[in-house]
Amino acid sequence: MLPDQKAFIETARRDFEFTRETRYLTGIVKLAFGDETWALNFADGALAGIADGRGLSDQECKIVVEGTPDQWDELLKPKPRPFYQCIQSAAVKHGMKLSVSNETFAYLPGLNRMTTLLRDLRNGRAGHDQA
Amino acid sequence: MTRHDPITGRYVYLTVEGIEYRVYYEEAGQGIPLIVGHTAGSDGRQYRHMLCDGDVTSNYRVIAMDLPYHGKSLPPHGARWWEQEYNMTKARMMAFPNALSDALGLERPVYLGSSMGGHLAVDLASNFPERYRATIAVEGALRSATEYVDVGMAGIRNEFDNPNVNRTSIGAAMMLNISPYSPEANVREIQWEYSCGGPGIFAGDLYYYYYDHNMSDDEARAIDTSKCMLYMLTGEYDPNTSPKETQALADLVKGSKFWAMKDLGHFPVTEDYTKFRQYLLPILSEVRAGS
């Protein structure tokens, strides 16, 4: 169901857009996929690593994205159905959870890029074209 | 060989609510005047593909205006605009295309608008049927989707007019409105245009889009399509005014016509004009046949 964590780290670290759009970010971005939780640790814009985020409270994180396995499955389809086109629309229309914070708004470009990278990895695509 | 688009741009002075504005507009084509209105927080560049479409401009004079505070239309030079919050109202939204039409001497133009322009197409059909031969609401409805309306202006300003957040994020947020079938170059262009907006303008436009446009069922039922025909086009990936919201409007307006657009989102004119024109051209042919 989930993309390989190691592959995501390697892809994210070498992706120009992701590294640009997470510049200056320090702190944790929590991604909860049902029972599994990734804690993406950023230090001054660099993705330092991903830890097991189970037990991590939302207050300890800069940004939180949560969904059931089914919701992530819909979000990460190559051509998702309405309104799973991005995390924000999936949160408003389908009940995924996205934190409301200055960092969440500021790093939306990074979250969008992260979604694309996860989608590409999940679907075995190396390219970045949405078309 | 030098290439040019067949678009020309000019500035016109319009007085609305006692304030004179220097307003930029672009146009192409000859024939029935067709005023096109942009979405909240963006500008007339959204219509560059339509302005270059010979199948449209051979019969229509297409005019794309940048509303004041948007694109190349600056805030009004003679007003102390920086001393008050910018909020777009229904009265002002309706006044600008009317003033443009008067200034250019247009005879019963067609109005086509997208998003807040789509809502405006509905308001114009209701309030000024004598001025317009038809209006085309792209992503229009009685009102915007409840989930977004419920956020409130404070929540809207927290996200879209927040000093902690730069305007790249406004462009990024537009992803929620865009179909995954739209070519990425077009998606990036929409995001670029949104990232170029003036401070607080997108949030202020949403005052009209979410609150000041709120049509009652009775008002919708009173729209007279024999005077001003109302067409509606809505993309299936638009969460703000989904086909369900537009259908509710279409069900109330006798004689109106509505098509849900497959694989398109909230910005169909820019997202994928080649798909959008398949819905648009038959409407323009029908308007022309009835003119």
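Modeller: Let us begin with the word contact, for which two residues qualify if their C-beta atoms, placed from the backbone, lie within 7 Å. By that criterion, and bearing in mind that this is a predicted model, the contact between the chains takes 19 residues from chain A and 21 residues from chain B.

Biologist: What makes up the side of chain A that touches chain B, by element and by class?

Modeller: The elements that each give two or more residues to that side are helix 4 (87-94), helix 5 (102-106) and helix 6 of chain A, and helix 4 of chain A gives the most, with four residues. By class, this side of chain A has 10 nonpolar, six polar and three charged residues.

Biologist: Why is helix 1 of chain A called oblique to helix 6 of chain A?

Modeller: The axes of helix 1 (residues 5-14) and helix 6 (residues 108-122) of chain A come within 10 Å and cross at roughly 130 degrees. Perpendicular is kept for 65 to 115 degrees and antiparallel for angles over 145, so helix 1 of chain A is oblique to helix 6 of chain A. The crossing of these two helices of chain A is right-handed.

Biologist: Which residues make the contact between helix 1 and helix 6 of chain A, and how do they divide by class?

Modeller: Helix 1 of chain A contributes A:Ala7, A:Phe8, A:Thr11 and A:Ala12, while helix 6 of chain A contributes A:Leu117, A:Leu118 and A:Leu121. By class, six residues of this contact are nonpolar and one is polar, with no charged residues.

Biologist: How do you know that the radius of gyration of chain A agrees with that of a compact globule?

Modeller: For 131 residues a compact globule would have a radius of gyration near 14 Å, and chain A has 13 Å, which agrees. The C-alpha trace of chain A spans about 35 × 30 × 25 Å along its principal axes, and buried residues make up 40% of the chain. Chain A has six helices and five strands, which follow the pattern α-α-β-β-β-β-α-α-β-α-α along the sequence.

Biologist: Chain B has 13 helices and eight strands. Why is chain B called as compact as a globular protein of its length?

Modeller: The globule rule gives 19 Å for 291 residues, and the radius of gyration of chain B is 18 Å, close to that value, so chain B is as compact as a globular protein of that length. Its C-alpha atoms fill a box of roughly 50 × 45 × 45 Å along the principal axes, and 53% of the residues of chain B count as buried. Among contacts in chain B between residues at least 6 apart in sequence, 75% join residues at least 24 apart.

Biologist: Is B:Thr57 buried or exposed, and how do you know?

Modeller: A residue is buried if 20 or more other C-beta atoms lie within 10 Å of its own; B:Thr57 has 20, so B:Thr57 is buried. This residue sits in helix 2 (residues 54-57) of chain B.

Biologist: What is B:Thr57 in contact with, leaving aside its neighbours within four places in sequence?

Modeller: With those neighbours left aside, B:Thr57 is in contact with B:Pro6, B:Ala28, B:Gly29 and B:Val62.

Notes: Residues numbered from 1 in each chain as written. Chains lettered and ligands numbered in written order. Predicted model: local features only at pLDDT ≥ 70, side-chain atom pairs only at ≥ 80, totals over all residues. Axes fitted to C-alpha atoms, helices over the stretch in contact; angles between N-to-C directions. Parallel < 35°, antiparallel > 145°, perpendicular 65-115°, else oblique. Left-handed = near helix turned anticlockwise from the far one by under 90°. Nonpolar A, V, L, I, M, F, W, Y, C, P; charged D, E, K, R; others polar. Rg over C-alpha atoms; globule rule 2.2 N^0.38 Å. Buried ≥ 20, exposed ≤ 12 C-beta atoms within 10 Å, placed from the backbone.
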